[in-house]
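Me: I would like to go through this model with you, starting with the annotated site and then moving to one of the helices. Shall we begin?

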Amino acid sequence: FGTSRINNNGELIIGECNTRTLKEKYGTPLYIMDESNIRERCRLFNNGLQSKHIETEVIYASKAFLTVSMCKLIEEEGLSLDVVSGGELYTAIQSSFPQERLYMHGNNKTNIELKMALEYGVGRIIVDNYNEADRIEALCQTMNTKADVMLRVNPGISAHTHEYIKTTENTSKFGESIYSDQTIELINAMNNSEYLNFHGFHSHIGSQIFDENSFLEEVSTLLSFIHSLKSNHDITVKELNLGGGFGIYYTSNDREMDIELTLKMLLGRVKGECERLDIETPKLLIEPGRAIVANAGTTLYEVGSVKETYGGKNYVFVDGSMNDNIRTALYEADYEAALANKMNGVPEKPYTITGKCCESGDIIVRQVLLPTPERNDLLAVFSTGAYNYSMASNYNRLPRPAVVFVKDGKSKLVVKRETYDDLIQYDLDSSY
Ligand code: LLP
């Protein structure tokens, strides 16, 4: 992907940086992010969603991968930012991210988080439910301000993806169903509120979706809903945020999604449906996370030992663990991997890549064909840019890896490797 290539010694080069040199400089495990690839993906979405007829905006879903440097990159590329917690918001604030381009999500925002969002003046707060709308109103009253809000709605569309990352079954915890009378009441209340500027709807139908039809169905369903609100309640909806979820290639079992074509189809559907229903075309927003960063990331590990079990399974032990990539254990996710110092080696046997955790479920790659691995070889796992660093943990008190950005033969550290002292920094040896 991106700027990766193999040099004459069979070594993996990313962003013109040799992975061997990166290991020497920063150690392993190491998250390597190909900056040019991230920027290219930002532009693919930004350019792809341009339209003469429709106002549009691309928001990066920061949960996929967020650091201060990433905020700056997103700002430079002209995307907006979706944050779902005080912590993500704080990161954006510390990076001086323009407040009007921030979208504050979350199904259970605390009053402290809401106050933080209002004080910083985020562009939109995406309201999840009735109770939250009430709390925002109360806060606005005390703070003598108004909040720009959207409502997260659930269109009840079933996208074909892993159960844990589906979001719009009618039993989902997110948003309010467009089929419920209470939701209409809530929209009316928000629209008439003295403290809320109601702008429109947000919905997110799931993640790692390849079927364009799921997105098109989302558009049609929501525009019909918008039409019924106009006809029956005289409510005008000015903005429609379709969420993220664009699928990416992890292994040859996934197909490469044609983002340009998908966006063109989305724009076409919006225009067509608005004309057919005779409603004002809302501003169209999308919120990709994974599709911006996943393929840009590679995790680099060092091989500790190789074990062939009595039962015939071959393991490669690396110096990382499920802590730096929980997706395999959590979603049975698959990854491609290679020996970064033997890229031209002939794959011989299937191996399971496992780490240092005291769990049989500590699997990083379930199965990959490799040339015979040896101690101190470097193992690269591909497409780990999304939901790897951001979901990392310290189980077994393993320090989290460092993150480097690479570009044009240069590397920069964007997250330091954790130390043992970091691990105990909040521990107190206190008494009752
Ligand atoms: N917008 C909202 C409101 C979301 O909840 C999400 C993801 C996104 C945008 C971005 O979705 P994306 O384009 O990245 O698919 N940890 C899981 C993915 C969970 C996604 C949660 N929400 C994984 O590793 O696959």
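This is a predicted model: local features need pLDDT of at least 70, side-chain atom pairs count only at pLDDT 80 or more; totals for chains, interfaces and linings use all residues.

Me: Where does UniProt place the feature "binding site"?

Reply: The unreviewed UniProt entry places it at Gly-245, Glu-287, Pro-288, Gly-289, Arg-290 and Tyr-387.

Me: Take Pro-288. Where is its place?

Reply: Pro-288 is in the loop between strand 13 (283–286) and helix 10 (290–293).

Me: And why does Pro-288 count as buried?

Reply: Pro-288 has 27 C-beta neighbours inside 10 Å, so it counts as buried; the cut-off is 20 or more. Setting aside residues up to four places away in sequence, Pro-288 touches Phe-45, Tyr-60, Ala-61, Gly-244 and Phe-246.

Me: What about Arg-290: which residues is it in contact with?

Reply: Arg-290 lies in helix 10. Beyond its neighbours within four places in sequence, its contacts are Ala-64, Ser-207, Gln-208, Ile-248, Ala-386 and Tyr-387. Arg-290 counts as buried because it has 24 C-beta neighbours inside 10 Å.

Me: Changing topic: which residues of helix 5 are buried?

Reply: In helix 5 (residues 111–120), Glu-113, Leu-114, Ala-117 and Leu-118 are buried. These buried residues fall within an arc of 135 degrees seen down the helix axis, so they line one face.

Me: What covers the buried residues of helix 5?

Reply: The cover includes helix 4 (86–94), strand 7 (102–104), strand 8 (124–127), helix 6 (130–143) and strand 9 (147–154). The face turned away from the buried side carries the exposed residues Asn-111 and Ile-112.

Me: What follows helix 5?

Reply: Gly-121 follows helix 5, with a positive phi near 75 degrees.

Note on methods:
Residues are numbered from 1 along each chain as its sequence is written. UniProt positions are given in the numbering used here, feature names are shortened, and annotations may be inferred rather than shown by experiment. Helices (H or I, at least four residues) and strands (E, at least two) are DSSP runs, numbered from the N terminus. A residue is buried if 20 or more other C-beta atoms lie within 10 Å of its own, exposed if 12 or fewer, and partly exposed in between; C-beta atoms are placed from the backbone. Two residues are in contact if their C-beta atoms, placed from the backbone, lie within 7 Å. The arc is that of the directions from the helix axis to the C-beta atoms.
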